[in-house]
Amino acid sequence: MSERLGNDPELIKKFIPSWRVGCRRLTPGEGYLEALQAPNAEYTWDTIQRITEKGIITSAGEIELDAIVCATGFDVSFTPQWKMRGLNGSTLDKWRDDPEGYLGIFAPNMPNYFIVNGPNSPVGHGSLLSVMEWATEYIIRWAKKMASEDIK
């Protein structure tokens, strides 16, 4: 990864994790790190103060851009974008704080609803990929059981 980042110390510090491969996140896809070194690419760690017709204004000044890519994260609330109701009208709104959620796979009062890496999932250390694989296999076993035994 260091080579692919052109041995740039600033980029190495920002993009190369301090933990071992497979412990938390996948390495970037083919060409991603090289794209940061492209002559037509520019990046900044400064806070964007304003977006203009030509680009952005940061504390360092104006940067003219053709495109802006914001990698600011994603919603980790574990609640679908649609309103979902389970048994007795229950919802997923408070699932994150519910101790009855089983291994981040099942939500209380939500039959036939499965999720990978949900609240209470067993990810405290070690490889996230292993946990995801285990959870997926567990979900598949349940789905096969429900299908083969006509469980509703």
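Strand E2 (residues 55-58) and strand E3 (residues 61-64) run antiparallel and are joined by four bridges. Helices (H or I, at least four residues) and strands (E, at least two) are DSSP runs, numbered from the N terminus, and two strands pair if DSSP finds at least two bridges between them. This is a predicted model, in which local features need pLDDT of at least 70 and side-chain atom pairs count only at pLDDT 80 or more, while totals for chains, interfaces and linings use all residues. Residues are numbered from 1 along each chain as its sequence is written, and side-chain values use heavy atoms, with hydrogens and water left out.

**The sheet**

Strands of a sheet pair through backbone hydrogen bonds, either parallel or antiparallel. A hairpin of two residues connects E2 to E3. The open sheet consists of three strands in the order E1-E2-E3, with antiparallel pairing. Strand E1 (48-51) and E3 are the edge strands, each pairing on one side only. From one strand to the next, the twist averages 25 degrees; axes are lines fitted to C-alpha atoms, for helices over the stretch in contact, and angles run from 0 to 180 degrees between N-to-C directions.

**Aromatic pairs**

Six aromatic pairs are found in a search of the whole structure. Rings of Phe, Tyr and Trp (its six-membered ring) pair if their centres lie within 6.5 Å; planes under 30 degrees apart count as stacked, over 60 as edge-to-face and the rest as tilted. The pair of phenylalanine 15 and tryptophan 45 is tilted, because the ring centres are 6.0 Å apart and the planes stand at 55 degrees. Phenylalanine 15 lies in helix H1 and tryptophan 45 in the loop between H2 and E1, so this pair ties together parts that are 30 residues apart in sequence. Phenylalanine 106 and tryptophan 142 form an edge-to-face pair, with 5.9 Å from centre to centre and 80 degrees between the planes. Phenylalanine 106 lies in the loop between E3 and helix H3 (128-148) and tryptophan 142 in helix H3, so the parts tied together are 36 residues apart in sequence.

The table gives the accessibility of these residues. Buried means under 20% relative accessible area, exposed over 50%, and partly exposed in between (1.4 Å probe, protein chains only).

| Residue | Relative accessible area | Class |
|---|---|---|
| Phenylalanine 15 | 16% | buried |
| Tryptophan 45 | 38% | partly exposed |
| Phenylalanine 106 | 19% | buried |
| Tryptophan 142 | 33% | partly exposed |

Ring pairs also link Phe106, Phe114, Trp134, Tyr138 and Trp142 into a cluster. The charged end of lysine 14 sits over the ring of tryptophan 45, 4.8 Å from its centre; this term requires NZ of Lys or CZ of Arg within 6 Å of the ring centre and within 35 degrees of the ring normal.

**Two loop residues**

Serine 90 belongs to the loop between E3 and H3 and is buried, at 17% relative accessibility. A polar atom of the serine 90 side chain lies 3.3 Å from the backbone oxygen of asparagine 109. Leaving aside residues up to four places away in sequence, serine 90 touches Met84, Arg85, Pro108, Asn109 and Met110, where contact means heavy atoms within 4.5 Å.

Glycine 31 is located in the loop between helix H1 (9-15) and helix H2 (32-35). Glycine 31 is partly exposed, with a relative accessible area of 31%.

Key
Polar contact = N/O pair within 3.5 Å; in protein donor to acceptor, adjacent residues only side chain to side chain.
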